[in-house]
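Hi everyone, thanks for coming. Let me put the structure up on the screen, and then we'll walk through a few parts of it together.

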Amino acid sequence: MAETRHGRTPLLATQGLGRDFGGLSAVRDVAITLSPGELHAVIGPNGAGKSTLVNLLSGELAPSRGEIRLAGERIETMPGWRRVHLGLGRSYQRTNIFKSLSVLENVRLAAQAVMSEPRSLLRPAGSARQIVAAAEAALARVGLESSGARTAGTLAHGEQRLLEIAMTLASRPKVLLLDEPLAGMGPEEGERIARLLRDLAAEHAILLIEHDMDFVFQVADWMTVMVDGAVLAEGTPETIRANADVQRAYLGGHA
Amino acid sequence: MADNDTPMLPASRAGWLGLVVGALALAALPYLAPSTYYVELGTTALIAAMLALSLQLLVGCTGLVSLGHGAFYGLAAYTVYLVTPANAGLPMWMTLPAAVLVSGAVAAVVGALSLRTKGFFFLMVTLAFGQMIFFVFHDTKLGGGTDGAYLARPLISAFGWELQLPRRQRPIGTYYVALIQLVLMYIGLALLLRSLFGRVLQGIRVNEHRMVALGYDTYRYKLAAFILAGMLAGVAGHMWAMHRGFVNPELVGWHRSAEALLMILLGGLYTLHGPILGALAWVGLGEASQLITERKLLVEGLVILVVVLVLRRGLAGLWTFARRPAEPARPPAGAPSPESGTAEGARHG
Amino acid sequence: MDLAGLVAQLLNGVQYGLLLFLIASGLTLVFGVMGIINLAHGSLFMVGAYAAFLVGRATGSLWLALPAGILGGIALGALLERGLFRHFYKREHLDQVLLTFALILLFEEGRSFLVGNDFHSVPIPAALDFSVPITSDFSYSAYRFAVIAVCLLLALGLFWWIERTRFGAVIRAAAEKPEIVDILGIDARLVHLVVFAVGTALALTAGVLAAPLYSVYPNMGDGFLIISFVVVVIGGLGSVSGAFWSALLIGLVDTLGKAYVPGVSGLAIYVLMAAVLLWRPAGLFGRAA
């Protein structure tokens, strides 16, 4: 099952993964792998099943069949919240932050989830210094360190997307599932995120869903193309670009 | 840490000072009241405040709107009745833990089942469970049936020392016991809200979906809050037994639960002290309206309409009216959809 | 075991269940389409029952009460929706709970003012005041048969309306995705008005039918309201067919329980609800979360 690219065992791997909704198969027999240090992009037209795939991986949807392994351990029946503690983090396409709380609190909650222990739950939140420090570090990583005290809902859209990523980072994931991080962003903000992602790819494995083709070809090490719920092709960006099937089904001559 | 990280607690020294002044005013009441009737009325109001405060842990802090909370209150009062022998009151240090334990245990069972649902379902399920408990006391002889029963009041006691007051002063003693419990309850909840656990509850209220995605087993946290709230309602119910020495099925009726919700809304959903204000106002209003008309339900109904339609931030909101911070609309408590920028409730006061 | 008695209790259970269905279907429709929790739904049931009582007392006959209940229900529902409820749709649950609770209090006060607080029995219409012989030693109340018949007719009518007519299709769509109504260019306000009016009429009709069986008394709506909530929880939110089967189930469990295991039988339906919640939190026919 496991494709070992770069000679390393995959951090995240699926086999025969499928999900049906009534009579419709949104995801069919998907085998996808993610290796450490890899920035793996999943692309495909609308309705290809990419979002469903992310939801299956993060645990928000249960698969109809198939396996998901995280660092070798089967997780497809594990509740979503528990997967976070095994090192799986995800960000959302539609900004899913705590709008009425401060920016710092948003990230602090993310850090607390993986850092706090049951017996210290009654400590005042302000005095749990390591958690606050981890939150501040995550904010600094995405460049929002000076916005900590602001109410999250007052941030500009681009900054909110960065906050999304900061929250995902604060839970110290090994694997990052990023669902359209660029959604609704202009070109310079996109540049900022591209730099950030390349930076993050060094220490994390990233599975990226994106529509922006230029962006994807720029940052990805590996690509998977999905059409109609199934994997059409996978390979390096150059291979994908040259692939005739992909050109026909999706790229429509852009390559 | 930013100012608005625990918005339910006073944001400034002035705010805390206001609360202290309020507590002192309550402490002075027995000396200012024209007769014992008003002291007893005050105790009733303090008990209502404790019930409302206990429910606020669920509604305002965690976003769980329960219509069965009154059942834990009444259950505690009945527990006192059931453990007390026929003609002698037991000391408080025996009856209070018993009442709180029973309320907590039943809350654990009800919560474990109800929290498998959300929103409207949760509301109806808690209502149904509350009704079940009502049925137990209404249709059986367990607690004296529909007529209720008298009980020997628990004695004010602690650490082997018992407070024995002459008959005329007993209401004052009871009043202070209630006040002390209320103050301790507020302080305890304030500390809880500032703790790591309290932040999780807040996160659940604001966006439970994201909390799950961040790695929190929100069910467990909500259940803990539910049990704690049930136990605190038990403290209030126990105090009722001490105060009136009488139990009847109305104590566990769902109208009691709805009134508790109302007191929260009246006083202010967005602060911890709001429900206390709401309870005091509600009891006061009930008294005042009796001077005007016998049609109590009419007055209550109209008051509720006015409060919900007009008084968005409750009585507590009137205080902070002048210095409202520029924050975006608060997401609705108990609304089915998570905070994702689409359906924000109409509650921006 | 007394077979005749069992059959009688089964029929009683069906009759009770069908009345519950009339009430619960209104509840689940209104919530499914408009997202409103209407605690005052039980009060509407009470209004119907008292209407039957008053009509019977004034005209000496109960026959007028049924059409009066249906038409009055439609009118009252339209009035309530237009005047009050349409402003509540976007409100949080807490507001809706308290607002409709206030309505209960106002309805109770209104009843107290108009009719007083006494318990009144309502005589069965003379034409139906007999027993239908089934076997040589078993006969069953004709009125109860009539109630079963009317309820079934209404249930069938409701199903036909929802499943077979265009308006019904709109209702079904709106229950799934409220935005659809606007997209399809249909006036959402009309849909809301009709759904609310129908729900109200069903509750009132149930009250009219129930009056001779249960009599009228203060707070009579409470018990039926809460049981119909249980029906909706077990049947699944927004599912009228779910409400039908779960209402029958509850009607039977409750009636048979009270007849054969008195004492704790009232708990039976709550135990049932707990069991359903453990197994299927979205209800038996509800959409799985």
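Let's start with the sheet in chain A: it is open, has 6 strands in the order 7-8-9-4-10-11, and its pairing is mixed. Strand 7 (88–91) and strand 11 (230–235) of chain A each have a single partner strand, so they stand at the edges with one side left without a neighbour in the sheet. On average, neighbouring strands of this sheet are turned by 20° against each other, direction ignored.

A word on where this comes from: this is a predicted model, in which local features need pLDDT of at least 70 and side-chain atom pairs count only at pLDDT 80 or more, while totals for chains, interfaces and linings use all residues. Residues are numbered from 1 along each chain as its sequence is written, and chains are lettered from A and ligands numbered from 1 in the order in which they are written.

As for terms, helices (H or I, at least four residues) and strands (E, at least two) are DSSP runs, numbered from the N terminus. Two strands pair if DSSP finds at least two bridges between them.

Now, strand 4 of chain A. It runs parallel to strand 9 (residues 205–209) of chain A, and 4 bridges join the two. Across that pairing, A:Ala41 stands opposite A:Leu208, and A:Val42 stands opposite A:Ile209. With strand 10 of chain A, strand 4 also pairs in the parallel sense, over 4 bridges, and there A:His40 stands opposite A:Trp222.

Is strand 4 of chain A mostly covered or uncovered? Mostly covered: 5 of its 5 residues are buried, meaning 20 or more other C-beta atoms, placed from the backbone, lie within 10 Å of the residue's own. On one side we have A:Leu39, A:Ala41 and A:Ile43, and on the other A:His40 and A:Val42.

What lies across these strands? Helix 1 (residues 50–58) of chain A does, running at about 145° to strand 8 of chain A. Helix 6 (residues 187–201) of chain A packs on the sheet too, touching strand 4, strand 8 and strand 9, and its direction makes about 145° with that of strand 9. Angles run from 0 to 180 degrees between N-to-C directions, with axes fitted to C-alpha atoms, for helices over the stretch in contact. Contact means C-beta atoms, placed from the backbone, within 7 Å.

Finally, the contact of chain B with chain A takes 27 residues from chain B and 35 residues from chain A. Helix 7 (residues 196–214) of chain B gives the largest share of chain B's side, 11 residues.

How values were computed: Two residues are in contact if their C-beta atoms, placed from the backbone, lie within 7 Å. A residue is buried if 20 or more other C-beta atoms lie within 10 Å of its own, exposed if 12 or fewer, and partly exposed in between; C-beta atoms are placed from the backbone.
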